[in-house]
Amino acid sequence: MRNVTKIKVLPRLVYERIAAGEVVERPASVVKELVENSLDAHAERIEVELAAGGKRLIRVTDDGCGMSPADARTCFERHATSKIDTFEDLELLKTYGFRGEALPSIGAVAKIRLVTRFRGDERGTEVVYEGGRLVRCVEAGAPVGTDIVVRELFYNVPARRKFLKTDVGERRACVELVKRMALPNPGVAFHVLAGGKTQLAWAPADELQRCSEYFSSVADPLELTYSSPAVGRVHGALWHPNRADRANRSGILVFVNGRSVDNRVVTDAAAAACRGVGRPDRFPQAVLFLELSGKLVDVNVHPTKSEVKFADDAAVRKLVKAAVTRALAEAGVDLAAATPLGGGYEPAGPPDRRPSPAGRTEETGPAYIDTPDDVPFGVGDGRRPARVAPSRRPGRLERTGDAPAGQLRFSTEAARQLYERAPFEVRGQFADSFILVEHGDKLLVIDQHAAHERVIYEELQNNDAEHPAASQELLLPPLVRLSPDRAARLAGLLELLESYGFRVEVAGADAFRVLAVPQIVKTGEEQAVAEEVLAELGDVGEDKPLAELERLARATVACKAAVKAGEVLGREQMRNLIRRLLASPNRSTCPHGRPTTAELTEEQIRRWFRR
């Protein structure tokens, strides 16, 4: 006879541990719930202390309203809340959570000691809760506010501990989470201590200052604000796209009604509004706070509410684009002149006119601008012509198969033929960003930044600790400050950086002194290049293999030291760059995969003019 499994109700301690897994995934989950409770209690200062990345100890102390003795005990009961009474209240909820709703879950897999005192009470309350059981609840002396200590997370669920990252990895996740929560609450002071060292110390600030603190930004952000009576309001900070240094959308932070969320509708709208301004392969850096009616937002699509859905995506997209567009316009960006991204060429009437470097007015086009011919690339002697802003920002060249007439196409084959079937003739520079080369029946367009980036990257491959790249000592070594997270990651890469020409020493908990930079860095740009390289490498993950770290370091140094778009080049400089590119085995793309070469055939050009 077949066995029949009987359905039974699990013991309370078992189902509570299972339910805890939905709320408590790692130490950062605990920090999130406790800090949210502090914010809901109107705290003006929140302190977080971690030991072993939060695995051994998490302590959150606030100066909020505190809890009465009855609330202090009830908050550990399942489904206990002071925020809602009916299901419909969920649509109007303006808090982070229901005060105490996460404490039973945390208490099921950890040991908790809560000490709290309600404002107006003479005495406080101490509650000890371990493994889902109330150990004691007694009167205690305490300041107004709440102090919660969580010890030995997952002590009774050892299998869960195996899935946690290293102490350093968990600590970083906790600190990053606190930073994200601090952004929409600039009036609150945040302090994070881990391993006896201060990881974060943010005093109350205004919104723009708090956003700058998050990105450790040197440049001031643009203020962003826009309202629509039918949809809501957007405010926050936007960095000028010319200063954007992100290769993806990770620099666009989105908050909906004060909660950090992931939403492609918002990030895509912000990126689209900046399209044609700045480099086409980069994304803007922004902090966007959306204040929307609860009826327009569904926060229950993800267990941790890290994702949201909108009732009207189009309306939200329009709101965000309008906000970003207004911020750019108020900053003086000529949006009408910005070149949309795309590969097609559309004749648009008479050519634009712009002032030439000599003060004359000349037609924009592929005319050669004469500069000294004896200036070689890669020598930090400061003789390279000054950087000039391009008259038009080049659009992105689209990758195509059989490109229609009038459309540039990437051509690895064209690059190979260019380098293997000399001679070629440099005809000039277009938009101060592209080198025009005639080769047979083709007009080749070389991206000067991508080409120089590839050249430097290949040459750096010959360098290591025993054969470092040539350096130039700095008479006044600049000090570069990074966020605590970036500084911790960068500290392990200083020896690798020295292989590529940087000599950097630690000058404090989050500061570095740059003693030397690669010889290829242009005079006058040493500090700017050093800051960009150190900041970008500070974003590199700690768990990457050495070969990957070396590749990323080379690519970063090459990108920041290479000639930039908008820099006027002499004829010999252009020839020298192409000759060096010739020797590269991967000459068709830069280290990031962007093309160095595109082509227009004579036949395509003739079709343009109907010949």
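A residue counts as buried when its relative accessible area is under 20%, as exposed when that area is over 50%, and as partly exposed in between, using a 1.4 Å probe and protein chains only. Ala-431, at 5% relative accessibility, therefore counts as buried.

Before going on, a word about the model. It is a predicted one, where local features need pLDDT of at least 70 and side-chain atom pairs count only at pLDDT 80 or more, while totals for chains, interfaces and linings use all residues. Residues are numbered from 1 along each chain as its sequence is written, and side-chain values use heavy atoms, with hydrogens and water left out.

Most residues other than glycine have a negative phi. Ala-431 has a positive phi near 55° and is not a glycine. You'll find Ala-431 in the loop between strand S19 (425–430) and strand S20 (434–439). Helices (H or I, at least four residues) and strands (E, at least two) are DSSP runs, numbered from the N terminus. Glu-152 is another non-glycine residue with a positive phi, of about 50°. Glu-152 sits in the loop between strand S6 (145–151) and helix H5 (158–161), and counts as partly exposed at 31% relative accessibility.

**Salt bridges**

What about charges? A salt bridge is a side-chain nitrogen of Lys or Arg within 4 Å of a carboxyl oxygen of Asp or Glu. A search of the whole structure turns up 28 salt bridges. Here are some of them:

| Salt bridge | Closest N and O atoms |
|---|---|
| Glu-291 and Arg-233 | 3.5 Å |
| Arg-264 and Asp-268 | 3.2 Å |
| Glu-438 and Arg-427 | 2.8 Å |

Glu-438 is in strand S20 and Arg-427 in strand S19, eleven residues apart, and their pair links distant parts of the chain. Glu-438 is partly exposed at 36% relative accessibility, and Arg-427 is partly exposed at 45%.

Arg-264 and Asp-268 both belong to helix H8 (residues 264–273), where they are four residues apart, about one turn of the helix. Arg-264 is exposed, with a relative accessible area of 52%, whereas Asp-268 is partly exposed at 29%.

Then there's a salt-bridge network, which links Lys-32, Glu-36 and Arg-259.

**A five-stranded sheet**

What is the strand order in the open sheet of five strands? The order is S9-S10-S13-S11-S12, with mixed pairing. Two strands pair if DSSP finds at least two bridges between them. Strand S9 (222–228) and strand S12 (259–261) are the edge strands, each pairing on one side only. On average, neighbouring strands are turned by 20° against each other, direction ignored.

S9 and strand S10 (residues 232–238) pair in the antiparallel sense over seven bridges, and Tyr-226 stands opposite Val-234 in S10. Helix H9 (residues 313–330) lies across S9, S10 and S13, running at about 140° to S9. For such angles, axes are lines fitted to C-alpha atoms (for helices over the stretch in contact), and the angles run from 0 to 180 degrees between N-to-C directions.

**Ring pairs**

Rings of Phe, Tyr and Trp (its six-membered ring) pair if their centres lie within 6.5 Å; planes under 30 degrees apart count as stacked, over 60 as edge-to-face and the rest as tilted. The whole structure holds four aromatic pairs. One of them, Phe-76 with Tyr-129, is stacked, at 4.6 Å centre to centre and 20° between the planes. Phe-76 lies in the loop between helix H3 (69–74) and helix H4 (103–108) and Tyr-129 lies in strand S4 (residues 124–130), so this pair ties together parts that are 53 residues apart in sequence. Phe-76 and Tyr-129 are both buried.

Phe-255 and Phe-289 form a tilted pair, 5.1 Å centre to centre with 40° between the planes. Phe-255 is in strand S11 (residues 252–256) and Phe-289 in strand S13 (residues 286–292), 34 residues apart. Both Phe-255 and Phe-289 are buried.

**A buried alanine**

Where does Ala-72 lie? Ala-72 is in helix H3 and is buried, at 0% relative accessibility. Leaving aside neighbours within four places in sequence, Ala-72 is in contact (heavy atoms within 4.5 Å) with Met-67, Leu-114, Thr-116, Thr-125 and Val-127.
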